[in-house]
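The following exercises concern the protein structure shown below.

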Amino acid sequence: MKNVKIDENYFLVSKQVNANDVVEIDKSINHIVVVDCSGSMYGELPKIRTQLKNKLPSLMRDGDTISIIWFSGTNDAGILKEEVEVKSLKTLDDLNKAIDRWLVADCLTAFLKPLQLTKELIGRVKTNRPDSLFSLLFLTDGYNNACNFNDVLKTLDQLKT
């Protein structure tokens, strides 16, 4: 396992996992995928779209939800899909079409707004699904270039609750 310390309480972690390890979770999971759509992601976004679409069918169990947030420059962020349960091939097809249409490169890289949206989204989902868990995947190739990084870290602290 490799670690890179970002701040006192935050690390980037790279870990090799054994595909044979099985973890049983008996609660629903609300998957939140936050995707950097800044200009520097131009070459990676087609691969991310493909991999996300390929992973969804095996990731989603009965009762699980998926929410997708996109971001680029300052205040350029939004919720593409919120709290979607994949109960049919039609729902999966609609998700795939939204991923292909809207996750495209544009602008710079700003972390604060998508993290704020994530916090708000978690609050709404907790109201609807109080006994479920959350899984956050934040995909980026860059670094925050729009505000003080301490503001980003403060928002990350708020996501812990």
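**Exercise 1: A pair of helices**

The model is a predicted one, in which local features need pLDDT of at least 70 and side-chain atom pairs count only at pLDDT 80 or more, while totals for chains, interfaces and linings use all residues. Residues are numbered from 1 along each chain as its sequence is written, and side-chain values use heavy atoms, with hydrogens and water left out.

Task: Determine at what angle the axes of α1 and α2 cross, and which residues make the contact.

Solution. 

Step 1. Two packed helices are described by the angle between their axes and the distance between the axes. Helices (H or I, at least four residues) and strands (E, at least two) are DSSP runs, numbered from the N terminus. Axes are lines fitted to C-alpha atoms, for helices over the stretch in contact, and angles run from 0 to 180 degrees between N-to-C directions.

Step 2. The axes of α1 (residues 45–59) and α2 cross at roughly 165° and come within 10 Å. Angles under 35 degrees count as roughly parallel, over 145 as roughly antiparallel, 65 to 115 as roughly perpendicular and the rest as oblique.

Step 3. The crossing of α1 and α2 is right-handed. A crossing has this name if the near helix is turned clockwise from the far one by less than a right angle, and is left-handed if anticlockwise.

Step 4. On α1, the contact (heavy atoms within 4.5 Å) is made by Arg 49, Leu 52, Lys 53, Leu 56 and Pro 57; on α2, by Leu 92, Leu 95, Asn 96, Ile 99 and Asp 100. By class, the contact of α1 with α2 has 6 nonpolar, 1 polar and 3 charged residues. Here Ala, Val, Leu, Ile, Met, Phe, Trp, Tyr, Cys and Pro count as nonpolar, Asp, Glu, Lys and Arg as charged, and the others, Gly among them, as polar.

**Exercise 2: A second pair of helices**

Task: Describe how α3 and α4 pack.

Solution. 

Step 1. The axes of α3 (residues 112–128) and α4 (residues 149–159) are 9 Å apart, at an angle of about 15°. The two helices are therefore roughly parallel to each other.

Step 2. The crossing of α3 and α4 is left-handed.

Step 3. From α3, Leu 112, Leu 115, Gln 116, Thr 118, Lys 119 and Ile 122 meet Asp 151, Val 152, Thr 155, Leu 156, Gln 158 and Leu 159 of α4. The residues of this contact of α3 with α4 divide into 6 nonpolar, 4 polar and 2 charged.

**Exercise 3: Burial of the strands**

Task: Is β3 buried or exposed, and which way do its residues point?

Solution. 

Step 1. Buried means under 20% relative accessible area, exposed over 50%, partly exposed in between (1.4 Å probe, protein chains only).

Step 2. In β3 (residues 29–36), 8 of the 8 residues are buried, so the strand is largely enclosed by the rest of the structure.

Step 3. In a regular strand the side chains alternate between the two faces of the sheet. Ile 29, His 31, Val 33 and Val 35 point one way from β3, and Asn 30, Ile 32, Val 34 and Asp 36 point the other way.

Step 4. In β4, 6 of the 7 residues are buried, and this strand is mostly covered.
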